[in-house]
Amino acid sequence: MKILSVYAMFSCHANKGGTNESNNMNEFYNGYLTKTEVACRLRKSKRTIDEWVSKGILPYIKIRRSVLFKWSDVVQAIDKFERKGVEL
């Protein structure tokens, strides 16, 4: 993952009581997340996540009033904006 450090991702979960050894890493990286969890992992505000959703930048799933994000889809969407520097 190019965007986040491992520390940043674990610190998001530390706010909910920390992580334990029994957590499945695949679930951690690929599970469904709330807007708050996505904002925490990306180090952005919830308002920024709202703006990216309204502009169609981030894919989401809406079930009635609940909005969820699949982490792997979020990373893939953000990777589309990666710009490569010019080698000197």
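This is a predicted model: local features need pLDDT of at least 70, side-chain atom pairs count only at pLDDT 80 or more; totals for chains, interfaces and linings use all residues.

How many helices and strands does the protein chain have? After that, please look closely at the place where α3 meets α4.

A: The protein chain has five helices and three strands, and along the sequence they follow the pattern α-α-β-α-α-β-β-α. The chain has 88 residues, and 24% of them are buried. If we take the contacts between residues at least 6 apart in sequence, 51% of them join residues at least 24 apart.

Now to the meeting of the two helices. The axes of α3 and α4 come within 9 Å and cross at roughly 105°. With that angle, α3 is roughly perpendicular to α4. On the α3 side, the residues in this contact are Lys35, Thr36, Val38, Ala39 and Leu42, and they meet Lys46, Ile49, Asp50 and Trp52 of α4. Sorted by class, the contact has five nonpolar, one polar and three charged residues. Both kinds of side chain, nonpolar and charged, deserve a look.

Let us begin with the charged ones. Side chains of opposite charge can pair when their charged atoms come close. Lysine 35 forms a salt bridge with aspartate 50, and their closest N and O atoms are 2.7 Å apart. Since lysine 35 belongs to helix α3 and aspartate 50 to helix α4, this pair ties together parts that lie 15 residues apart in sequence. How accessible are the two partners? Lysine 35 is partly exposed, at 28% relative accessibility, and aspartate 50 is also partly exposed, with a relative accessible area of 27%.

Glutamate 51 is partly exposed at 31% relative accessible area, whereas arginine 47 is exposed at 53%.

Another one of them pairs lysine 84 with glutamate 82, with 3.9 Å between the closest N and O atoms. Lysine 84 is exposed at 69% relative accessibility, and glutamate 82 is partly exposed at 38%.

Next, the nonpolar side of the story. In soluble globular proteins, nonpolar side chains tend to be buried together. The largest nonpolar core here has 13 residues, and those with the most contacts inside it are Val38, Leu42, Ile49, Leu58, Phe69, Trp71 and Val74. Helices α3 (35-42), α4 (46-54) and α5 (71-79) each supply at least two residues of this core, and the largest share, five residues, comes from α5.

Leaving aside residues up to four places away in sequence, isoleucine 49 touches Lys35, Val38, Ala39, Leu42, Lys44, Leu58 and Phe69. Lys35 in that list is the residue that pairs with aspartate 50.

Is leucine 58 buried or exposed? Leucine 58 is buried, because its relative accessible area is 2% and buried means under 20%. With residues up to four places away in sequence again left out, leucine 58 touches Ile49, Trp52, Val53, Phe69, Val74, Ala77 and Ile78. Leucine 58 and phenylalanine 69 are eleven residues apart in sequence, and their C-alpha atoms are 8.3 Å apart in space.

At 78% relative accessibility, arginine 64 counts as exposed.

Key:
Residues are numbered from 1 along each chain as its sequence is written. Side-chain values use heavy atoms; hydrogens and water are left out. A nonpolar core is a set of buried Ala, Val, Leu, Ile, Met, Phe, Trp, Tyr and Cys residues joined through side-chain atoms within 4.5 Å. Buried means under 20% relative accessible area, exposed over 50%, partly exposed in between (1.4 Å probe, protein chains only). Helices (H or I, at least four residues) and strands (E, at least two) are DSSP runs, numbered from the N terminus. Contact means heavy atoms within 4.5 Å. A salt bridge is a side-chain nitrogen of Lys or Arg within 4 Å of a carboxyl oxygen of Asp or Glu. Axes are lines fitted to C-alpha atoms, for helices over the stretch in contact, and angles run from 0 to 180 degrees between N-to-C directions. Angles under 35 degrees count as roughly parallel, over 145 as roughly antiparallel, 65 to 115 as roughly perpendicular and the rest as oblique. Ala, Val, Leu, Ile, Met, Phe, Trp, Tyr, Cys and Pro count as nonpolar, Asp, Glu, Lys and Arg as charged, and the others, Gly among them, as polar.
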